[in-house]
Amino acid sequence: MLTDEMKEAIEKNLVFVATASSDGTPNVVPIGFTRPIDNKRILIVDVFMKKTLNNLEENPRVSLIVQNAKEHPYQFKGTAKVFKSGKFFEEAVEWAQNVMSEVEPKSAILVTIEEIYSVKPGPDAGKRIK
Ligand SMILES: Cc1cc2nc3c(=O)[nH]c(=O)nc-3n(C[C@H](O)[C@H](O)[C@H](O)COP(=O)(O)O)c2cc1C
């Protein structure tokens, strides 16, 4: 589902992660630690999340856009699972601490991408592409 271009964009860009609470209040945050682990799943490191994590506990649906949407005009939608131990958590801790030794991740968030839409201005804006 994720092309090589999409995977590279997710890994190299800041990613905007949108969630919503159970009453539908939206929340969006910029996240640096985001990387694809295969063609469908994105690992996100939770170091500082508050509303985002609360929202994911109430409603696991997420939407993501990379900062450089001009070059990579995609809207990703999927479902998140939160891990506070186990292999995904350990991978998240190792990755984050290799970059910044002082950070203490609280959880690893694994997002399975289910739908991808174009946000490219023009006739294809909003069109589902995968
Ligand atoms: C450039 C930048 C990168 C960030 N990267 C991360 C990150 O990788 N992980 C994280 O948990 N928070 C990161 N944050 C913090 C979140 O954007 C946000 O402050 C945090 O989730 C609390 O907001 P919330 O209560 O809406 O979740 C980053 C913030 C900025 C400005």
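User: Which backbone atom lies 2.7 Å from an oxygen atom of the ligand?
Analyst: A backbone N or O atom of Lys51. That pair is a polar contact, meaning N or O atoms within 3.5 Å. Keep in mind this is a predicted model, where local features need pLDDT of at least 70, side-chain atom pairs count only at pLDDT 80 or more, and totals for chains, interfaces and linings use all residues. Residues are numbered from 1 along each chain as its sequence is written, and side-chain values use heavy atoms, with hydrogens and water left out.

User: Which element gives the most to the shell around the ligand?
Analyst: β2, with four residues. Strands here are DSSP E runs of at least two residues, and helices are H or I runs of at least four.

User: Switching topic, where does UniProt put a domain?
Analyst: The unreviewed UniProt entry places "domain: Pyridoxamine 5'-phosphate oxidase N-terminal" at residues 2-119; such annotations may be inferred rather than shown by experiment. That span is 25% helix and 42% strand, and its end C-alpha atoms lie 16 Å apart.

Methods:
Polar contact = N/O pair within 3.5 Å; in protein donor to acceptor, adjacent residues only side chain to side chain.
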